[in-house]
Amino acid sequence: MVAGIGTDNRDRQAGWVCAYTPLEILLAAGLEPVRLFGSPGETEDADAALNPNICPYVRACLQQGLDGRAPAAMVFAGCCDGIRRLYDAWSYCCQADFTFLMDVPRASLGGSAAMYNNSVGRLASALEGYTGREITARGLRKAIGARREVDGILTGFSEAMVRGYDPPGEESLRIYTDAQELPPADFISRYSSRGWGDGVAGGRSNGKPVVITGNLLASGALLEMIGDCGGSVAALDLCSAGRFPALTPDTGEAEPYPADRNGLLSYLARAYMSRTPCPRMLESTERHAHVLKLVIDSGARGVIYVPLMFCDSFLYDLPRLKDKVDAAGIPGLVLVSDYRDDNEGQMRTRVEAFMEML
Amino acid sequence: MALTDELVERFKASISPELMRSRWPWLVALALSRSPMDRPSLRADRVSSRFMLESTRDAYLGRRPVVWSSLLFPSELIHGTGNIAFFPEIAAAKAASVGLSRRFLDAAEAAGFSQDLCSFHRVLIGAATEDLLPHPDLLVSSSQPCDSSPLSFEFLADYYGVEHLTADVPNENSSVGELEILAGELRRVALALDSLDGATGGNTGGLEERMRDAVELSNRARRFALEVERERKRVPSPLDGWNAMGHLAVLAMMPGTLAGASFYAALAGELKDDAYAGLPGKEKHRLLWMHLKPYFPSELETFLHEKGAVIVCEEYNRCFWGEMDPDRPFDSLAAKAAGHFSAGTAERRAAEMVRLAEEYEVDGAVHFSHRGCRQSCGSAQQVREELARVGVRTLILDGECLDPREHRDGQIRTRLEAFLETLDNPQTVGSAP
């Protein structure tokens with residue numbers, strides 16, 4: 001069974017696949033948001049339903065749906081061709097009680113932001129129709145509060161890694177994965193009292209720091225390998241890790257959001273549109289600056305780029321991002337991922353060589 | 001190698017940024033296009049060839065501001081603001097048709113672009129990095145039909161140091177509110193286009209008035225294009241779809257121009273003309289062709305002719321929008337952009353293909369699954385199943401549009417041949433090899 005998804009609670013869960021999905025609305029509708037990480041291993045059925053040239057994460061998710069191991073409700077943020085086709089195939093082939101495709105614009109300003117705002121409103125109405133439960137201002141405020149706490153913990157963890165906190169590879173990925181699979185209350189109770197050390201940038205003692213940038217990792221195997229080869233992961237710039245938090249952490253000051261339902265939905269739309277941009281957004285300058293900042297703040301000596309195979313969003317952006325990082329004197333290694341980690345030997349050879357070069 | 005082939009190869013090798021920006025190759029090309037030596041199979045093609053040659057020449061010579069546009073961005077906005085529209089995806093297909101795509105693919109890969117990306121965009125990026133394309137003053141793109149245009153244009157805008165504006169087109173289940181937002185975005189783009197130097201193009205009217213003119217011209221082209229489509233529904237078909245796929249360039253680039261209306265008027269008149277000889281040979285199979293075709297030289301066209309297989313309609317090469325209201329140009333153009341089947345789900349696309357299959361009375365369909373196209377390949381199975389429900393068999397043919405290194409002519413012919421044989425056997429409805 002895929003972690004976080006069980007047959008008992010399938011009906012009260014809502015699955016999602018892209019970080020531009022406003023999870024607070026799912027929570028306010030009385031559903032438990034659960035990110036799909038896909039069925040591990042072969043994806044023959046999904047390959048046949050889609051096409052082998054589609055992103056392997058998308059195919060792994062469809063395989064999970066075809067295997068009957070996904071929530072009854074699914075919300076697809078239509079951020080790329082792959083996820084739009086996943087929505088199609090899901091609606092056509094999987095036994096889902098509810099599917100919804102959101103419009104996700106590429107720019108965060110002007111009309112594009114208004115379009116996303118509309119899409120958020122339509123999602124809320126559709127979820128009310130599905131659950132029979134009204135999404136109230138109170139419910140939204142509660143969900144936003146819980147999610148801010150989760151995002152605050154994750155942001156603290158990411159910042160600690162940049163400062164030098166160096167957990168084992170699998171553990172560093174686990175906290176982010178838990179944030180996307182567990183109900184907020186469970187996540188908070190598990191992690192809120194954890195400390196992340198007081199490392200200082202550039203002061204990590206046990207390895208050459210590297211920044212990882214990409215989409216998603218199927219497992220922590222690469223991170224373990226980096227540790228084995230004398231490296232230390234200083235930041236995970238992935239949509240399933242460091243880029244996942246969307247809300248401003250709670251600082252104890254006045255809540256930054258309005259009181260009424262529509263105002264809260266607009267607040268969420270703005271928050272998600274202004275999050276650390278994914279390569280699909282046309283805000284590459286901001287994204288490139290974000291990666292460079294991670295490198296500088298952490299004292300990283302290299303960057304490992306881990307785009308998913310066939311991910312157009314990342315692959316079109318990669319040459320420019322790499323040029324900018326190279327220009328800063330930071331060497332890089334590109335490891336295109338098939339989201340299965342089944343080429344471990346080859347990957348290890350390349351990581352070893354890269355670490356030696358650093 | 002024959003002497004002419006060698007001369008062609010030497011000419012291709014000599015193509016340089018300086019050559020493309022000098023006047024003489026354009027003088028020669030235009031003179032050839034007007035001479036009796038140039039005998040296109042359709043007289044209407046003379047209209048489009050001349051428009052494209054002159055427009056491309058003007059772009060290279062920098063006679064007016066040059067606006068690069070993605071395939072489905074409404075061209076009326078660019079023509080209405082008096083700028084030169086340059087469609088690099090179409091230029092990429094043209095480069096492949098004259099055997100230049102390999103060179104540009106190599107250049108794009110050397111610049112770090114993965115072979116997994118769409119070859120249309122790798123070719124145009126490669127040509128840009130060799131400085132063989134006209135320099136843009138602005139880039140405009142839309143989010144349909146696929147992710148590649150806005151993403152590759154973002155790189156190119158950075159490369160040329162100019163602005164890139166993109167229009168997010170909502171999916172078909174979106175509300176009227178989203179179309180209003182898109183109309184507002186198109187107005188914003190039009191204002192940016194209008195502010196480029198020399199953008200009035202000799203027309204001193206206000207923006208609304210010029211957009212009205214462009215929309216009226218587009219409507220005129222559309223009315224003639226619909227006449228062409230009516231003629232093409234005849235049995236046997238009067239037009240070969242393999243070549244007609246080249247008219248996608250007209251459909252993308254020329255709405256909003258007088259030449260666009262003239263092209264479709266000429267084509268409609270030609271197809272109705274009793275003197276028009278139509279297609280040679282017997283029409284044995286009527287095919288719907290989905291997505292695009294290999295643009296580099298291949299034997300597939302001849303092969304289809306030999307088998308009596310006629311492409312009677314093409315997914316992309318048809319009028320997908322309704323009559324527009326010239327008094328509300330931006331609302332109309334927003335509706336046009338959102339009216340394309342690619343702005344939405346596979347269900348919408350499949351329904352469109354079923355309608356086409358029925359209207360054109362096809363007995364088979366081919367989905368050409370271009371290797372780098374997630375948008376199209378990802379819904380091929382669903383389209384095939386929906387076509388099967390109405391008794392139309394579909395062949396999903398994996399292939400490449402612009403990268404000849406990935407093309408297997410023999411394999412494709414074998415699969416097509418087997419498919420055409422199944423069309424002769426009515427007992428196997430819905431299946432395909």
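## Cis peptide bonds in chain B

Pro236(B) sits in the loop that runs between helix 11 and helix 12 (241-244) of chain B. The bond joining Val235(B) to Pro236(B) is a cis peptide bond, with omega about 0°. A cis peptide bond also joins Gln144(B) and Pro145(B), with omega about 10°. Pro145(B) belongs to the loop between strand 3 and helix 9 (148-160) of chain B.

This is a predicted model, in which local features need pLDDT of at least 70 and side-chain atom pairs count only at pLDDT 80 or more, while totals for chains, interfaces and linings use all residues. Residues are numbered from 1 along each chain as its sequence is written, and chains are lettered from A and ligands numbered from 1 in the order in which they are written. Helices (H or I, at least four residues) and strands (E, at least two) are DSSP runs, numbered from the N terminus.

## Positive phi values

Tyr339(A) is not a glycine, yet has a positive phi of about 60°. Its place is in the loop between strand 8 (332-334) and helix 13 (344-357) of chain A. Asp131(B), also a residue other than glycine, has a positive phi near 60°. Asp131(B) is found in the loop between helix 8 (119-129) and strand 3 of chain B.

Are these two residues buried or exposed? Tyr339(A) has 24 other C-beta atoms within 10 Å and is buried, whereas Asp131(B) has 12 and is exposed. A residue counts as buried if 20 or more other C-beta atoms lie within 10 Å of its own, as exposed if 12 or fewer, and as partly exposed in between, with C-beta atoms placed from the backbone.

## Helix 16 of chain B

Helix 16 (residues 329-338) of chain B is mostly covered, with eight of its ten residues buried. Among them are Phe330(B), Leu333(B) and Lys336(B). The cover over the buried residues of helix 16 includes helix 5 (75-80), strand 3 (138-142), strand 4 (163-167), helix 10 (176-194) and helix 11 (207-232) of chain B.

## Helices 3 and 4 of chain A

In chain A, helix 3 (residues 56-66) and helix 4 (residues 81-93) pack at an angle of about 15°, with their axes 10 Å apart. Axes are lines fitted to C-alpha atoms, for helices over the stretch in contact, and angles run from 0 to 180 degrees between N-to-C directions. The angle makes helix 3 of chain A roughly parallel to helix 4 of chain A (under 35 degrees; over 145 is roughly antiparallel, 65 to 115 roughly perpendicular and the rest oblique).

The contact (C-beta atoms, placed from the backbone, within 7 Å) involves residues including Val58(A) and Leu62(A) of helix 3 and Leu86(A) and Trp90(A) of helix 4 of chain A. Its residues divide into nine nonpolar, two polar and no charged. Ala, Val, Leu, Ile, Met, Phe, Trp, Tyr, Cys and Pro count as nonpolar, Asp, Glu, Lys and Arg as charged, and the others, Gly among them, as polar.

## Domains of chain A

An automatic or database assignment gives chain A domain 1 (10-138) and domain 2 (141-246 + 277-357). The centres of the two domains, taken over C-alpha atoms, are separated by 24 Å. In chain A, 23 residues of domain 1 are in contact with 29 residues of domain 2. Helix 1 of chain A gives the most to the side of domain 1 that touches domain 2, with four residues.

Note on methods
Contact = placed C-beta atoms within 7 Å.
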